[in-house]
Amino acid sequence: MTILSDQLHLHPDQLGAHWMPFTANRQFKANPRMIAKAEGMYYWTPDGRKVLDGFSGLWCCNAGHCRKPIVEAIQKQAATLDYSPAFQMAHPLSFELANRIVEIAPPSMKHVFYTNSGSEAVDTALKIALGYQRVKGEASRTRLIGRERGYHGVGFGGISVGGMVANRKMFGAMLAGVDHLPHTHNLAKNAYTKGLPEHGAELADELERLVALHDASTIAAVIVEPMAGSTGVLMPPKGYLKRLREITKKHGILLIFDEVITAFGRMGGAFASQVFDVEPDMITFAKGVTSGTVPMGGVLASKAVHDAFMIGPPGAIEIFHGYTYSAHPLACAAGIATLQLYKDGDLFNRAKQMAPVMESAVHGLKGGKNIIDLRNFGLVGAIELASRPDAPGARAFEVMLKCWEKGVLVRTAGDNIAIAPPLIVEASQIAQIADTLREAIQSTD
Ligand code: PMP
């Protein structure tokens with residue numbers, strides 16, 4: 001079935017102008033993988049091939065694709081108010097969405113600062129942290145602490161606190177005064193864990209070592225992903241996040257959870273902070289807030305963080321930061337419709353209920369060729385393959401390509417293959433993802 005117009009069949013000569021992100025452009029353009037249409041759990045290629053979305057696009061389309069209420073909300077908004085100035089002016093939907101996000105967030109999170117992406121959300125949270133320490137009279141607290149194998153987007157703040165060498169090494173100097181906690185991935189102790197690993201809570205104590213090294217009076221904030229997604233789906237060891245919270249609190253250091261992936265249902269609750277019962281001072285979000293339909297991100301800040309800025313005369317701008325498209329009307333309309341869909345479909349609970357199905361599908365792959373670990377929590381799964389010494393990541397990439405050919409979208413992160421389907425996924429579709437993966441993994445060398 002050819003479902004789309006000939007315009008979507010591009011000649012190779014037409015592929016040059018678009019310099020694609022995070023992609024081997026020359027390899028891709030020699031053999032492009034195009035997506036032209038989506039609905040529910042599926043994508044279609046321009047020539048009409050149906051592909052099951054096992055990755056919510058890129059961790060974002062949590063409500064599934066082209067859902068009617070979201071589509072209609074965006075269409076209506078585009079015809080009603082296309083844009084309104086982001087500074088000194090506002091439109092009502094921006095307040096409504098912020099209220100709705102706060103309603104489902106951890107109790108201490110009371111304010112939303114809008115951005116257009118996860119990277120902007122991270123840089124915004126880091127700037128709020130630095131500004132907070134200053135307005136509190138602690139200007140010496142300028143140091144930021146991230147974690148090895150962390151991914152916090154691609155702004156200079158994000159790559160500085162992030163822990164992925166590939167994203168840093170080409171760009172010279174990073175932000176000054178950044179340090180990193182060790183990552184928590186430990187195959188020797190935790191391989192094939194179902195849910196959260198038993199071992200590794202003590203790695204949070206490394207923060208005490210950094211405090212001893214730098215002194216708390218120089219440290220503004222710690223940022224971590226509750227689950228490290230882009231570096232291979234690394235679940236937090238039991239007790240680790242709680243310990244980080246205790247140590248940060250003890251030393252007056254802000255704790256930021258980067259929930260760009262984990263917010264809006266992925267872990268089986270609105271936010272991972274709630275699922276893991278640890279309240280940070282700020283939460284970054286993006287992706288799922290609009291189910292990927294219109295770019296949007298943001299920072300949830302506690303009342304204490306927000307209120308610290310509300311000093312000085314009422315006419316004074318409290319923070320010199322923001323984006324032309326902050327709280328864009330189309331994104332707000334999409335966000336409101338998306339949150340309503342999550343609520344109406346009870347999708348966060350659905351993710352929780354489907355978690356055991358995901359767990360048994362993922363761990364059912366045990367014993368497959370080259371598999372060295374299997375991990376899962378909520379509606380996320382990961383398969384780690386033994387690295388090919390001559391070409392790290394190559395096996396996983398090969399598996400991803402084979403799955404694509406067989407009609408299932410998954411993604412790779414180094415030697416890991418990650419699965420994160422929309423929250424509307426059916427058990428039979430999880431089984432299809434696992435069966436396709438099993439076959440593709442079996443054919444690796
Ligand atoms: N933080 C985390 C935890 C992410 O996973 C991502 C994107 N995958 C980002 C930040 C960056 O988001 P964006 O690509 O929207 O800038």
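**Exercise 1.** Find how the radius of gyration of this predicted model compares with that of a compact globule of 445 residues.

*Solution.* Next, take the extent of the C-alpha trace, which spans about 65 × 55 × 45 Å along the principal axes. Then turn to burial: 48% of the 445 residues are buried.

**Exercise 2.** State how many helices and strands the protein has, and what share of its contacts join residues at least 24 apart.

*Solution.* The secondary structure consists of 16 helices and 15 strands. For the contacts, consider those between residues at least 6 apart in sequence; 73% of these join residues at least 24 apart.

**Exercise 3.** Describe how helix α3 and helix α13 are placed relative to each other, and which residues meet.

*Solution.* Two packed helices are described by the angle and the distance between their axes. Helix α3 covers residues 68–80 and helix α13 covers residues 329–344. Their axes come within 8 Å and cross at roughly 155°. An angle over 145 degrees counts as roughly antiparallel, and α3 and α13 are therefore roughly antiparallel to each other. The crossing of α3 and α13 is right-handed.

Now list the residues in contact. From α3 come Pro69, Ile70, Ala73, Ile74, Gln77 and Ala78. They meet Pro329, Leu330, Ala333, Ala334, Ile336, Ala337, Thr338, Gln340 and Leu341 of α13. Sorted by type, the residues of this contact comprise 12 nonpolar, 3 polar and no charged.

Methods. Residues numbered from 1 in each chain as written. Predicted model: local features only at pLDDT ≥ 70, side-chain atom pairs only at ≥ 80, totals over all residues. Axes fitted to C-alpha atoms, helices over the stretch in contact; angles between N-to-C directions. Helix = DSSP H or I, 4+ residues; strand = E, 2+ residues; numbered from the N terminus. Parallel < 35°, antiparallel > 145°, perpendicular 65-115°, else oblique. Left-handed = near helix turned anticlockwise from the far one by under 90°. Contact = placed C-beta atoms within 7 Å. Nonpolar A, V, L, I, M, F, W, Y, C, P; charged D, E, K, R; others polar. Rg over C-alpha atoms; globule rule 2.2 N^0.38 Å. Buried ≥ 20, exposed ≤ 12 C-beta atoms within 10 Å, placed from the backbone.
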